[in-house]
Amino acid sequence: MVAPLSTDGSRASDSHTPLGLSPLPAFSSLTDRPIRCHIPPLLGASVEELTQWVQAQQQPAYRGKQLHQWIYQQGVRSLSDISVFPKSWRESLAEVPVGRSNLHYRTQAPDGTVKYLLRLADGQIVETVGIPSFEANSKADWGAALPVARAATGQLAESDAPAVDIQRLTVCVSSQVGCPMACDFCATGKGGFQRNLQRHEIVDQVLTVQEDFGRRVSNIVFMGMGEPLLNIDNVLGSVRSLNQDIGIGQRGITISTVGIPGHIQRLAEHRLQVTLAVSLHASNQALRQQLIPSARQYPLSDLLQECRDYVQITGRRVTFEYILLSGLNDSPEQAEELANQLRGFQSHVNLIPYNPISEVDYQRPDPRRVQSFVKTLQKRKIAVSVRYSRGLEADAACGQLRASQISQNPVPLMRDC
Ligand code: SF4
């Protein structure tokens, strides 16, 4: 009997290891299910889980390694395409989904950033971003990235690709379809919440970008749609897979949160080497709860205490994200107040000049105001950097592309998933 899906997309019968991994069902229970999308996909499973799974079907253990390699390295989308498997077995596996999405829309900004809208098995759409960075002394512009990637995948003659190396490839992944946090400045928050993403739907985003660019992904930031700590089991399950199955170092992975009471502590208990990024966006409680409604239930002082505990438990510093909104949170006095809040804290502040969206009239501060904020923090010995959002031309703010595309081309959802 298959447990029904709950509203967050998980199954009531799921049991989890410390990294949030659910054991795969035996093959016999998979074949009992008449509807394809009710069969749990294999993507996100470890080599050990895949080995157990093939053995449960009277196949030798080494087929587990083969399956792992075909899913994570060959990017196979259907088990019936795994040519090293016996033909009769392959045919019987046709209904077992790998768990890959379909590309719904793709757009590239002149700086090389690529935004994707991916269609999931139930018809929901999520947003993912691939962000290349180049050699520091390269003379080429950002727009050279994609021709290089396209040449690597054979979609462009190599002689036509400019000579520039992508130094790093970062993927900004979504952890939920929509977001329930309703932050006032955020296009995703304005669109409401649909459901949590499953671990395979998070891993799929990374494989999709890797395949499109034709090179390995080096960094992951959980800064797309959704609040990752509200979907912590699937996020941790995907982190295990990204690290062990795809080979992305934990230190190259950043989990970003606006803060959910008790959840930073929960994350700390796993003692991962990932970076925790906490979205502050304000230097005091009153302004913070104006911008982030959920902050009413989570006073800034409690959030900062949980962050201090995180540093103590993990030995890792915390990154604080601070979106600069013109005339609202960008004054020198607010920079002083922020410095006071973070005094003696092992942390780093990322200032992000705002990407305006049409739904609200917040504005980006001018560069002099940004610099003045930086200097005030530096004088107070706070480690600080400024991060401009990439791909401004391509509906850059989180959730904007999805909102604009879905309003033009509504996507039907499947009833049974
Ligand atoms: S900023 Fe992040 S947490 Fe807030 S509504 Fe947007 S996606 Fe959700």
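Of the 417 residues in the protein, 44% are buried, a residue being counted as buried if 20 or more other C-beta atoms, placed from the backbone, lie within 10 Å of its own. The model is a predicted one, in which local features need pLDDT of at least 70 and side-chain atom pairs count only at pLDDT 80 or more, whereas totals for chains, interfaces and linings use all residues. Residues are numbered from 1 along each chain as its sequence is written.

The protein contains 14 helices and 12 strands, taken as DSSP runs numbered from the N terminus (H or I and at least four residues for helices, E and at least two for strands). Among the contacts with a separation of 6 or more, 69% are between residues 24 or more positions apart, a contact being defined by C-beta atoms, placed from the backbone, that lie within 7 Å.

Strand β10 (residues 318-324) is largely enclosed by the rest of the structure, because 6 of its 7 residues are buried. It runs parallel to strand β9 (residues 275-279), to which 4 bridges join it, with A277 opposite T319 of β10. With strand β11 (residues 347-353), β10 pairs in the parallel sense over 7 bridges, and L324 stands opposite P353 of β11. Elsewhere in the sheet, strands β7 (residues 219-222) and β8 (residues 253-257) pair in the parallel sense over 3 bridges, with V221 opposite T254 of β8.

Helices α2 (residues 47-55) and α3 (residues 62-72) pack at an angle of about 125 degrees, with their axes 7 Å apart; axes are lines fitted to C-alpha atoms, for helices over the stretch in contact, and angles run from 0 to 180 degrees between N-to-C directions. The two helices are therefore oblique to each other, angles under 35 degrees counting as roughly parallel, over 145 as roughly antiparallel, 65 to 115 as roughly perpendicular and the rest as oblique. Residues V47, L50, T51 and V54 of α2 and R63, G64, K65, L67 and H68 of α3 make the contact. Within α3, the buried residues are R63, G64, L67, H68, W70, I71 and Y72, and what covers them includes α2.

How values were computed: Two residues are in contact if their C-beta atoms, placed from the backbone, lie within 7 Å. A residue is buried if 20 or more other C-beta atoms lie within 10 Å of its own, exposed if 12 or fewer, and partly exposed in between; C-beta atoms are placed from the backbone. Two strands pair if DSSP finds at least two bridges between them.
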